[in-house]
Amino acid sequence: MSLDLADEEPPESDDGAWLSCIECGNAIAPFEDVIYRCPDCEGLLEVRYADYPTFESFSGEGVWRYADALPVEREVTIEEGATPLYEVPRLEDELGVASLRVKHEGMNPTGSFKDRGMTVGVGVASRLGVDRLACASTGNTSAALAAYGGRAGMETLVLLPAGKVAAGKIAQASLHGARILEVDDNFDTCLDIVQDLAARGEAYLLNSLNPFRLEGQKTIGFEILERHREDYGEFPDRIVLPVGNAGNTAALYKCFRELVRSGSLDEGEVPKLTGVQAEGAAPMVEAVENGWSEVKRWEEVETRATAIRIGNPVNAPKALPGIRATDGTAVAVSDAEITDAQRALAGEGVGVEPASAASVAGLRKLRENGVVESDERVVCLTTGHLLKDPDAAAEAGVEPESVPGDTEGVLEHLAE
């Protein structure tokens with residue numbers, strides 16, 4: 001499977017960018033109409049460029065350091081990106097790999113990687129002149145959309161599965177002024193409704209079905225590659241990441257292909273994309289393990305990792321080829337394994353929500369199974385901050401201890 005980008009005749013446009021259908025290659029001008037899928041075959045769309053970026057073309061900091069690789073100018077921003085690539089020496093020793101770094105996207109302004117997509121996606125919405133934004137969400141998308149929509153002065157509508165979203169995320173969306181609609185069903189039904197609203201022209205959809213949102217998310221890949229080469233003199237061998245709607249997997253794959261096209265990255269240097277899902281919501285893993293070309297929707301999904309509790313990953317047609325083309329894989333982990341990984345990360349001072357810890361849990365399992373080898377340099381992506389789901393953090397942590405209200409009583413308690 002090739003890592004190159006498809007070539008098609010670009011449409012008449014002065015933007016230097018256009019939309020291309022990943023199924024039929026149809027080329028579409030990017031800003032003439034609001035569009036999410038190919039009008040000819042309903043395939044997913046990707047943004048293409050007349051010129052692709054090189055590492056030398058980047059300047060500045062954060063997501064907009066990579067402006068030459070993005071479809072709009074910097075307009076709606078809360079200083080997103082430039083997140084840490086942490087060393088975790090005890091975990092590195094435990095897992096027995098050549099190096100292990102953790103890219104902590106929970107250090108973005110609203111506490112998740114979604115901010116990268118929203119700075120670009122809301123900027124596009126502003127250019128298109130829409131006045132109402134909408135998303136379905138397991139929590140992080142709603143928080144980011146509410147913040148960036150508020151920054152842009154746009155009405156924001158978020159649909160959440162009732163009783164299935166962590167309190168911290170609902171609080172964010174609420175405080176940033178979104179209208180919150182709690183749907184009596186799961187995330188996939190919420191996304192069905194939002195897509196229908198968008199098709200009727202009632203709102204501008206900013207889930208990762210929107211190709212412009214993934215353009216912001218691909219900057220995660222640029223940052224990982226630049227920083228890893230700076231620290232080690234080479235690119236990582238493997239990037240392990242949680243998979244919900246598979247937007248980050250698709251975005252990283254596109255980042256790699258753009259750099260290969262520009263000559264900044266050799267095909268042999270491309271990291272292996274390795275996806276991790278919870279056992280109770282693992283349709284991508286099922287497809288990878290069975291060699292399927294399509295993902296089969298899971299109608300019932302359940303996991304404590306609420307951010308990846310998704311049964312129908314909309315970006316699977318982009319993500320599956322990425323896993324296969326990079327010689328990667330996918331693995332499912334239990335909720336108990338996710339909690340153990342969350343504790344291990346916390347022991348290194350890295351606080352993440354449960355879904356984020358899935359990447360480390362997956363790496364553990366792949367090392368135990370001999371899939372990941374000891375000489376590999378690995379980056380685990382963690383996608384959301386610890387405080388996104390404070391209830392889960394409290395359950396995974398230690399219980400408070402009651403002590404008397406004096407120093408002697410405290411010392412006696414400690415001595416017991």
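The buried residues of helix 9 pack against strand 11 (272-278), helix 10 (316-325) and strand 12 (329-333). Here contact means heavy atoms within 4.5 Å, and buried means under 20% relative accessible area, with exposed over 50% and partly exposed in between (1.4 Å probe, protein chains only). Helices (H or I, at least four residues) and strands (E, at least two) are DSSP runs, numbered from the N terminus. This is a predicted model, in which local features need pLDDT of at least 70 and side-chain atom pairs count only at pLDDT 80 or more, while totals for chains, interfaces and linings use all residues. Residues are numbered from 1 along each chain as its sequence is written, and side-chain values use heavy atoms, with hydrogens and water left out.

Helix 9 covers residues 283-290, and its buried residues are Pro 283, Met 284, Val 285, Ala 287 and Val 288. In general, an α-helix has 3.6 residues a turn, so residues three or four places apart point the same way. Just after helix 9, Gly 291 adopts a positive phi of about 70 degrees.

Among the residues that make the contact are Ile 338, Ala 341 and Leu 345 of helix 11 and Ala 357, Val 360 and Arg 364 of helix 12.

Turning to the strands, three of them form an open, antiparallel sheet in the order 2-1-3. Strand 2 (27-28) and strand 3 (45-49) stand at the edges, each with a single partner strand, so one side of each has no neighbour in the sheet. Two strands pair if DSSP finds at least two bridges between them; five bridges join strand 1 (residues 17-21) to strand 3. Leu 19 has Val 47 of strand 3 as its bridge partner.

The structure holds zero disulfides, a disulfide being a pair of cysteine sulfur atoms within 2.5 Å. The sulfur of Cys 24 is 3.7 Å from the closest cysteine sulfur, in Cys 38, which is too far for a bond. Cys 24 is partly exposed, at 43% relative accessibility. Cys 380 is buried, with a relative accessible area of 0%, and its sulfur is 18 Å from the closest cysteine sulfur, in Cys 255, again too far for a bond.
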